[in-house]
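Here are my notes for you, written as a colleague might jot them down. Have the sequence and the 3D view open while you read.

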Amino acid sequence: MANRISRLFRLAAREPSVRDDVEQEISTHLEQLTEWYQDQGLAPDAAREAARRRFGDLDRFRRQIGSIDRSAGRRRRWLEQLDSLRQDVALAIRGLRRSPGYAIVVVGTLGLALGANATMFGVVDRLLLQPPPGVVAPHEVRRIQAARWFDDHYSEPWDAVSYPSFEGLRNGVAGLSRVVAVTQGTLSFGLGVEARPVRAVFASGEYFELVGTAPARGRFFSAADDQPPAGTAVVVLSDRFWRTGLGADPAAVGRTIQLNSQPYQIIGIGPERFNGTDLEPIDLWLPFQAVGPLVQGTGSDWRTGRGWQWLNLLARLDPGTSDERAAAEATRAYRAANADFAPFEARATLSFRSLAAYSESAGPERVAGWLYGVTLIVLLIACANVANVVLARGTVRRAETAVRQALGISRGRLFRQSLVETVVVTGLGLAVGLALTRWGGLVVRRVLLEGTAWDGDPVNLRVLATTAAAGVLAALLASLWPLLRGARVDPAAELHGAGRAVSRSGARARGGLLLVQTTLCTALVVLAGLFLRSIATIQSLDLGIRPDDAYLVSMDLDGRNLDQAESTRMFEWAADRIRTMPGVAAAGLTFGAPFRSNSGGRITVPGKDSIPRLEGGGPYYFAIGPGTLAAYGIRLLQGRDFGPADRRGSAPVALVSERMATTIWPGESALGKCFYPGRIADSVPCLEVVGVVSDLHRQQLDEPPFFLYFSVLDQAKDPLVPHHVVVRMQPGQPNPAEAIRQRLLAERSDLPFLPVQSYREILGRQARQWNLGASLLSVFGGLSLVIAAIGLYGVVAFGVSQRTREIGLRAALGAPPRRLFWTTVRGGLATAALGIAAGLTLALAAGGRLEALLFRTRATDPLVLGAAAAVVVLVSAVAAAVPGRRALRIDPTQALRAD
């Protein structure tokens, strides 16, 4: 009835239409013209006809007037809607000002969840979704991988191939318009104290033709610059390096710069944001033939050696060619190129993957994908929390809603007003989330993924659009059902007081949302605990070396035209100077180094037809000098270390690992035994075992068992130039890497940049995926804990506020405080306990797929499960206890007098 009366009032108040006014005006005008023609002596019918002819086409005027009327009506309705929306927004802002606690909880919850989601989407977008910027038609470009045939099975696909294999593919593969080879390396830009490291890509001449982009200045190198034997000494700079390294010199093209003491002419500068086809920040691009000696030494083995797997291949598909067909053709060409080589290459199988997916098996990329899924779970937790808060707010405002309905406001208008309030809060949460994304994105980039080339601001258009969509979806998930539920109010019953009691269905709804929050929160805490357990396992590993205070000093001498003896003397000079530095405990030379490079081959043991095989293969070896064992921190278990007397011309000796000693000579001492590296006829005299050292890791943190031995650097059959100086510093030395670098450059200012890396830094790169997972999962797990705690606090606090009269009555009747407290919190704690059990079950169900990302950690680790459950129980207890204690402070007299 109220709606009908209101409709009558609206009809009475409706303004006359433009059509009615104009029809009246036309009629008046025609009558006046008719009267004038009649005064001129025309008959009435003739006068009316003359008036109509003079006025014009009435139907056209009516159509124009109708169009004007409809346009005016639409504008009027739009203005009315905009004014109504303005009123709703103003009402929402006033309501939020009256309830700052509600606004802070909802805005903060959504802001934190959307910020985490947007931050991780930016990371995943760069690592897994976006193709490299500047590449033309990136959907046609593929990375080529080779799976080798080992021991009756295929290995995992590898990115690296040999140069002869590339030569076999670069021409004549059906379906591929172009195949190029690339690899990366670090060069020295400048000399002496001014030298700095630069990251360079070495590529075959067709690289930029495959990429398809155009230079910003000058030109790119081409196949003509990559002709053997030496190519053309040219270099292309990235826009970033041109600006930071050369100060954006407009005359840079044509200049000559020193790279590893060799001159290279700048021929071009890449466009802004262009980083090639890689994720790592790139400074330079150079053609293969011009940098071969800098990359693989002065010999020509890199062009012919099929055992050197060091190149990555890129290919562009012909239009309409499928990956399967092109991969089959490429496999045939690859096998033909290696037909006379080892079976593992002659039977290899090639496969393609997209340019955007940098590495489908690389740890950080896979962890980033999982972490993005985790942020979606955090967003679901936030939605459940906001839904709970909105539901509680709707229950509190039932009386207000009933009064407004009684005054004639429709349910649809009330729902729209509540929805506008939710949209306003969501918009504020989105703004907070984007602000957190900008800050959090910069932190993740600089701290956890510093070796990645990032493109622009963390909040770009893709991140903004995705986050806005997530915010709208979150608002709908969190508020639509509670708002619809809150709009269903019976005004008569509510105004008569029947609606004061909390409905059982409302309590069940809030409990269900709390259950969802606690379940998901527990699962996230378990996942964070598993990654933290992985980090603890890594830190407790016995690597065989002591990484703390150990450093590797490298000198790139390939560009100085030194022979092997001169290069060795240069390394010996560096080791001698480093030993005289204060704070140096030990220093020695090494050919190969753990976690960097090593060599391997067969050995022959006198008296044994064959030696056992281990899963990790080998034997592998490092060639070292006196003092190197101490510099690594490798434990000598039996015998002696190498000394000054162990040099060329003396009896050849070796140190073997404990596993090699006990496997080859079980039940007897390895000291005094000997073995030949290679076949007896081709080898140096038998290497006598003079010491047994502890087992150590060769390349990876997690490796299968293998054989390993150390030989004397100076006793090699063919002269070996050291790769590094290994240095052990005394603990607590300030900035050892820079001190070592300055000590050497103080005497030789003509040296290129000297890389000095700590072993902690080297190992940190290998542990990056677990550090990334542990760091961000800890943050997201903590965030989910906070959100779930707020949800539990809100449920218990709302129950206390709704049961104030009941609690006051119980207290007045003498109920003990302990029973009052337990009655208040037991519902929330029971729901939390059920959620913890469900969360542990969910974590166990997902743990099987997650275990591939963990380091020697089982998803069923009881310590992690117990610790996660304890943390959630503790947080839940605190969140429920705070409002529970408030219930004990309720004054029974005031509670019973309250309305």
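1. First, the ground rules. This is a predicted model, where local features need pLDDT of at least 70, side-chain atom pairs count only at pLDDT 80 or more, and totals for chains, interfaces and linings use all residues. Residues are numbered from 1 along each chain as its sequence is written, and side-chain values use heavy atoms, with hydrogens and water left out.

2. Let's start with Thr519, which sits in helix α18 (residues 504-539). Helices here are DSSP runs of H or I with at least four residues, strands are runs of E with at least two, and both are numbered from the N terminus. Is Thr519 buried or exposed? Thr519 counts as buried because its relative accessibility is 13%; the cut-offs are under 20% relative accessible area for buried, over 50% for exposed, and partly exposed in between, using a 1.4 Å probe and protein chains only.

3. What does Thr519 touch, leaving aside its neighbours within four places in sequence? It is in contact with Gly835, Ala838, Gly839 and Leu842, where contact means heavy atoms within 4.5 Å. The Thr519 side chain also reaches the backbone oxygen of Leu515, at 2.8 Å.

4. Now the charges. How many salt bridges does a search of the whole structure find? It finds 27, each being a side-chain nitrogen of Lys or Arg within 4 Å of a carboxyl oxygen of Asp or Glu. One of them joins Arg332 and Glu329, with the closest N and O atoms 2.4 Å apart. Both belong to helix α11 (residues 323-337), and because they are 3 residues apart there, about one helical turn separates them. Glu329 is partly exposed, at 24% relative accessible area.

5. Arg577 and Glu747 meet through their side chains in a salt bridge of 3.0 Å, N to O. This pair is 170 residues apart, with Arg577 in helix α19 (residues 564-579) and Glu747 in the loop between α22 (736-745) and β25 (756-758). Arg577 is partly exposed at 25%, and Glu747 is partly exposed at 39%.

6. Asp695 and Arg659 form another salt bridge, at 3.9 Å from N to O.

7. On to the inside. A nonpolar core is a set of buried Ala, Val, Leu, Ile, Met, Phe, Trp, Tyr and Cys residues joined through side-chain atoms within 4.5 Å. The largest one has 107 residues, and Phe531, Leu701, Phe710 and Tyr759 touch the most other members. Helix α5 (residues 100-129) gives the most to this core, with 14 residues. Apart from it lies another core of 45 residues, including Val173 and Phe189.

8. Last, the surface. Trp78, Leu79, Leu82 and Leu85 form a nonpolar patch there, with about 460 Å² of accessible area together. Such a patch takes nonpolar side chains (Val, Leu, Ile, Met, Phe, Trp, Tyr) joined within 5 Å, from residues with over 30% relative accessible area and no salt bridge. Trp78 lies in helix α4 (residues 58-98) and is exposed, at 59%.

Terms used: Polar contact = N/O pair within 3.5 Å; in protein donor to acceptor, adjacent residues only side chain to side chain. Patch = residues over 30% accessible without salt bridge, like charges linked within 9 Å, V, L, I, M, F, W, Y side chains within 5 Å. Areas by Shrake-Rupley, 256 points an atom, 1.4 Å probe, with all protein chains shown as cover.
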